[in-house]
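Take a look at the structure first, then read on.

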Amino acid sequence: KVTVSLTRNLQLCLPNATDCCTTPLCVVETLQVLACHDSVVLAHLLIQAEIYANSSFTGNVSEYATITPNQVFKPLGSCPCDLTAGACDIRCCCDLECTPDLKQLFNESCFTGVFGGDVNPPFDQLCSSQSMEYTPDWFPFLCVQSSLNNTPFLGYFYHGSISTPRVPPFKIPLQTSPGKLFTGYRQGDPIMTEENEYFTIPQQSMAGQCVGNAPVAYLQNFDVKCLTNLASYKEGLPHDVRINSGTGDFIQQNVIYRTITDMGKFITESESLHTAEVPCQNVTFAEHYTFIWEDKNIERINVTVFLGNLCDGEILTQRFTVKFLSLKSTNAAELFGNPGYQVGKPVKAANMNASDTFGNLNIWQPAGRGLCTSATYTPVLFGLDSLSGCVLEVGINEDCSLLRGNVTEKLNSLIQATHIGKRDNSSYSDLNDWVEIIRLDPFNSDTNVSSGNLKGICPDIPANLNIRIIFAVVGAVQGIPQQEILAVQISYSTVIWQFQCGIICENSTSFLPITASVQFIKVPAQPPVPLTRFQINYTEFDCNRNDVCWPQLFYPLTRFYTGEPYSQCLAKGLSLAFLVLLAAIMSNPWFSKLLNRFLV
């Protein structure tokens with residue numbers, strides 16, 4: 001242990017002052033420690049102590065400073081052992097903050113390897129790195145003669161762009177003083193209220209449960225349903241809350257209240273019979289929000305609230321919808337810049353055979369016991385494969401022909417349309433914007449349908465409806481793919497229904513599950529180029545199937561190679577071809593005879 005101390009005051013001297021430091025660097029002491037054995041010096045170490053006077057100086061003591069090089073031309077981290085900013089790291093000889101006097105203390109004990117600053121080690125292809133073993137005979141012919149500064153790892157981690165950090169959308173910006181809060185919303189940003197809080201509407205979480213305080217994101221539509229009863233019912237945000245428009249101004253919600261007439265669509269289950277003593281309460285059955293937006297701001301908010309009585313013992317299916325409509329849209333149709341379908345948007349349908357051309361393409365949304373009589377409908381969403389169904393009650397004496405007709409009618413009720421819109425903005429007045437639905441009937445003239453003479457058994461029941469939608473990406477608008485529907489096919493799958501009962505089958509009913517499935521099939525917008533006979537028969541020349549790709553032998557001479565300017569590649573290629581041709585000529589026997597003739 002070596003201790004270096006100073007007896008005077010560590011203060012910078014004032015005029016006519018004593019017992020202080022006359023210069024900022026007050027004292028420098030250098031000690032040499034030797035390790036000896038039998039009068040033989042085995043190791044030595046120099047220790048230098050620098051004591052500085054107290055002053056107002058801040059910054060690096062040394063005039064040297066660490067310079068961050070351009071990562072395009074120099075490797076990332078040229079001195080990994082430089083761990084301390086503004087000070088010299090012991091045994092780090094590449095540290096620019098170490099003065100030459102300090103480096104003499106550990107000049108013979110510097111860190112080696114990459115950690116010590118050797119960030120450009122010789123690579124295997126370098127001619128100077130040839131070793132005696134494991135080196136092929138042709139290595140001198142194909143090795144690379146290059147400087148170590150031109151390493152193949154140069155710029156390997158360089159991306160060439162710097163992204164500015166942004167505040168995550170789930171964090172509330174701090175408002176230090178009243179005034180304008182935003183310069184506009186961006187897609188996905190949470191909508192804020194006048195009290196600088198999130199504007200929340202119940203939404204479904206990833207686990208499928210409803211979250212009452214979920215923020216509403218800008219330009220993101222949703223349609224959710226939540227189950228509740230009178231005991232767990234909670235009111236949401238009051239409708240008199242003002243919303244931040246995006247520029248610091250606050251807008252009031254335009255609320256319209258309506259009364260529910262058909263309670264069966266919302267009351268899914270009743271746990272007890274209604275009596276006069278059962279308490280009831282006027283609650284919210286559904287809320288539909290329409291945000292009118294323009295650019296980055298919200299112009300208006302229209303809210304339609306449906307109220308009804310909920311009694312104790314009933315289960316209520318609440319519905320909450322949010323839809324963003326552009327201010328430039330007409331007849332309540334949202335006109336985006338991209339006319340194609342986006343994933344999650346409802347598929348547009350039309351019934352061209354009716355005076356009212358508006359159509360529906362739905363699937364079931366069972367409720368309660370899952371019976372078809374109480375099941376509701378939900379629209380088919382683009383790009384989302386789905387499978388839904390319900391249960392049909394069937395008696396043991398059911399007529400098979402009537403059962404087939406009943407099941408077919410239930411399935412056809414899902415598709416009240418003859419055409420499907422090619423795009424999301426398809427016009428009902430233009431027939432070219434629509435594709436006709438191809439229907440494959442479950443029973444045709446070539447199919448012999450069994451009448452089912454056995455009691456409780458009915459074959460050929462069309463219990464499965466298959467909807468196949470073929471679409472393609474036909475372009476892009478502002479980088480977003482434009483997807484169009486090319487064809488729609490509807491088919492049926494038949495099953496054999498058999499009555500299921502216990503010991504006694506009389507006066508009992510069985511259940512027949514019927515399903516509807518939707519499948520989206522993506523195809524290329526144009527047919528792919530067919531393979532040639534050469535590509536089919538000679539697969540060894542296919543670069544995608546083999547490690548060796550002979551067609552890319554002259555890849556550096558093609559336009560696809562961007563490592564060097566094309567003019568240089570072409571010049572080098574012609575020079576190489578000339579040398580090969582010259583070597584072939586000189587190796588020919590007649591060339592030596594011709595040369596000897598000229599020499600004679």
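**Strand pairing and a buried serine**

Asn 466 has Ser 491, in strand 21, as its bridge partner. This is a predicted model, in which local features need pLDDT of at least 70, side-chain atom pairs count only at pLDDT 80 or more, and totals for chains, interfaces and linings use all residues. Residues are numbered from 1 along each chain as its sequence is written, and side-chain values use heavy atoms, with hydrogens and water left out.

**Terms for strands**
- Strands are DSSP runs of E with at least two residues, numbered from the N terminus.
- Two strands pair if DSSP finds at least two bridges between them.

**Strands 20 and 21**
- Strand 20 covers residues 457-477 and runs antiparallel to strand 21, with 17 bridges joining them.
- Ile 467 stands opposite Ile 490 of strand 21.

**Strands 19 and 21**
- Strand 19 (residues 434-439) pairs with strand 21 (residues 480-498) in the parallel sense, over three bridges.
- Arg 439 has Ile 490 of strand 21 as its bridge partner.

**Strands 20 and 22**
- Strand 22 spans residues 509-522 and runs parallel to strand 20, joined by eight bridges.
- Ile 469 has its bridge partner, Phe 520, in strand 22.

**Ser 510**
- Ser 510 lies in strand 22.
- Ser 510 counts as buried because its relative accessibility is 4%; buried means under 20% relative accessible area, with a 1.4 Å probe and protein chains only.
- Beyond its neighbours within four places in sequence, Ser 510 is in contact (heavy atoms within 4.5 Å) with Leu 392, Glu 393, Val 394, Trp 497, Phe 499 and Gln 500.

Notes. Helices (H or I, at least four residues) and strands (E, at least two) are DSSP runs, numbered from the N terminus. Buried means under 20% relative accessible area, exposed over 50%, partly exposed in between (1.4 Å probe, protein chains only).
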